[in-house]
2 protein chains.
Amino acid sequence: MNNLSQVAEIIKGAKRPLLCGHIMPDGDSLGSVLALGLGLRRLGKEVTMVSSDPIPEVYLFLPGVEEITVGHLPERDYDLLIVLDCSVKDRPGPLVLPLLERDLPVAILDHHVNDHPFGNYNYIHTRAAATGEIVMDLLDLLQVDLVLDIAVNLYTAIVTDTGSFRYENTTPGTHQKVARLIDHGVPVSKLSNLIFGEQPLESIRLMEVALGTLELSECGQIAWMSITQEQIQRVGAEDQHVDGLINYPRKIKGVELAIVFRELGSNLVKVSFRSKYKVDVNLLAGTFGGGGHVRASGCTIEADLAKVKDEVLKEAHRLLRGC
Amino acid sequence: MNNLSQVAEIIKGAKRPLLCGHIMPDGDSLGSVLALGLGLRRLGKEVTMVSSDPIPEVYLFLPGVEEITVGHLPERDYDLLIVLDCSVKDRPGPLVLPLLERDLPVAILDHHVNDHPFGNYNYIHTRAAATGEIVMDLLDLLQVDLVLDIAVNLYTAIVTDTGSFRYENTTPGTHQKVARLIDHGVPVSKLSNLIFGEQPLESIRLMEVALGTLELSECGQIAWMSITQEQIQRVGAEDQHVDGLINYPRKIKGVELAIVFRELGSNLVKVSFRSKYKVDVNLLAGTFGGGGHVRASGCTIEADLAKVKDEVLKEAHRLLRGC
């Protein structure tokens, strides 16, 4: 493991660095790559930024995002690969994986717990709320000015990985950094609106329809909603608008297990599960051939909506004994 | 208008201060009253804290909240009334209004735009994101230690009035203050769960009902919902569950101005306004005798719901020309 000054020296010595974050890029991955990429350009380096996966629509506002090459690797004579926000070798994605087998030196900057980082130079700071915090420290060491384009990327990295400063990883240092970024002109409310604020009308209409189907078990611990294809079409919504609906039953006080049933076809239902403290929904989804995590999982069942609801709710009640 | 040191001197001189926030108390009102009340106790003062309205359930975790007297005024020989987070005389509520007619000196600490504050000593700092920020500066001047109970109240005041640091009022100073509060031991993720994490079922039911009334102007820039007393009763909700509903019209893509009409009585309607980038809703609310901030404001209008909607929407359309 290296300290940040050592990694800064290595980066300072590079002339043609290649930067990447991880697959299914999020705000921290993209914001970190862009902040460092734009910063290194200011030092006169020939910077290339790549992403194995497409940039999610919500992040297309990030300054410099159009300079990230998506899905292919430009042929260049790179002299350093800088991997951001990745704890394991396959996180950068198929675009970058072959490079890791070559002679190209690799520098890792990351905040995930990792006993065996895969770089030649590794700075792993698990108390940083976001890799963006590490990049900000690095840019300070490299004496790069935090111009607005860089500040916006750093802010986005930090605000997304801390859930708007609500998660446990948020430290005094996080807020001190963000104070500086706002001082550099970051437009807080505009960015908040871009990142968290806006939903298409169809998505709000779908929420209303879904809430109309909300039911609770007698014990109040299980809450579920169901959405039919007809409902999605009626409000003009799309599949992407269904994501996030499960937060509403989940949010209800006293609810331990939240379920959303979503009709995919006349005989096909997708079931999503969330739990708060007790129920292992990975196991629950497993009962129906699905899986995921302990607190978030899903499965797809071939049967009509009524039958799927009946079976899944029976199993859910069985799991929450006394419910 | 006074500066903060002057008001601090007045408060320092008081022995039996009475503290209050506003009716329908929110996180900033309660957190500010409690932080200052607990702080002045540490200076040996005989502090009384009152609220005209009940404490919303979500804030019952606040340290010291059980010491706020709700709904009646203890008979004591007060020597100073400290009014927090109130820009107009009726905001403290019926409990405190009679006191404003007596000889008791009044100190106002507030962050709402206000050209005619009603105290004998007035510190109005409109660039403070929350009255809690002002209280924190005041406690510093009074050399009160920010012990954990005080820090939790200040944090709650600031995090609620900035919408988790997302609103335009959030400044570098806001984040610097919060960095200090976390340094004093504020448990960020626990508080976030308490404040933002859970909603009672009634609140979700009310959301469904309110979304059923959602309308948009033809231009898509104005969105509004209305809630009648009958609807609130039907779903078993209370006044406190109405707060936050305005975020749904506000969130809609393309909406600049969000409005919630809420029937308080057969001839009384509370109107809440939020804007995103352009409309000065402090001015808009001012047209109807209310006020607040540039991006968040409200007013109460004596007329029936239909008439209030008609008048307010006419004014809103006029403001958003071409809409």
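Guide: Two strands count as paired if DSSP finds at least two bridges between them. Keep that in mind for this predicted model.

Visitor: Which residue of β3(B) stands opposite V50(B)?
Guide: Strand β2 of chain B covers residues 48-51. It pairs with β3(B) in the parallel sense, over three bridges. The residue opposite V50(B) is T69(B).

Visitor: What is the strand order in the open sheet of chain B?
Guide: The sheet has six strands, with parallel pairing. The order is β3-β2-β1-β4-β5-β6.

Visitor: Why is one side of β3 and of β6 of chain B left without a neighbour in the sheet?
Guide: β3 spans 68-70 and β6 spans 121-124. Each is left open on one side because each stands at an edge, with a single partner strand.

Visitor: By how many degrees are neighbouring strands of this sheet turned against each other on average?
Guide: Direction is ignored for this value. The average turn is 20 degrees.

Visitor: What angle does helix α3 of chain B make with β5(B)?
Guide: Helix α3 covers residues 131-141 and packs on the sheet. It touches β4, β5 and β6 of chain B. Its direction and that of β5(B) make about 120 degrees.

Visitor: What separates the centres of domain 1 and domain 2 of chain A?
Guide: Domain 1 is 4-197, and domain 2 is 201-319. Taken over C-alpha atoms, their centres are separated by 35 Å.

Visitor: How far apart are the end C-alpha atoms of residues 19-140 of chain A?
Guide: UniProt, in an unreviewed entry, places "domain: DDH" at these residues. The stretch is 21% helix and 19% strand. Its end C-alpha atoms lie apart by 18 Å.

Terms used. Residues numbered from 1 in each chain as written. Chains lettered and ligands numbered in written order. Predicted model: local features only at pLDDT ≥ 70, side-chain atom pairs only at ≥ 80, totals over all residues. Heavy atoms only, no water. UniProt positions renumbered as here; feature names shortened; annotations may be inferred. Helix = DSSP H or I, 4+ residues; strand = E, 2+ residues; numbered from the N terminus. Domains from an automatic or database assignment. Axes fitted to C-alpha atoms, helices over the stretch in contact; angles between N-to-C directions. Contact = heavy atoms within 4.5 Å.
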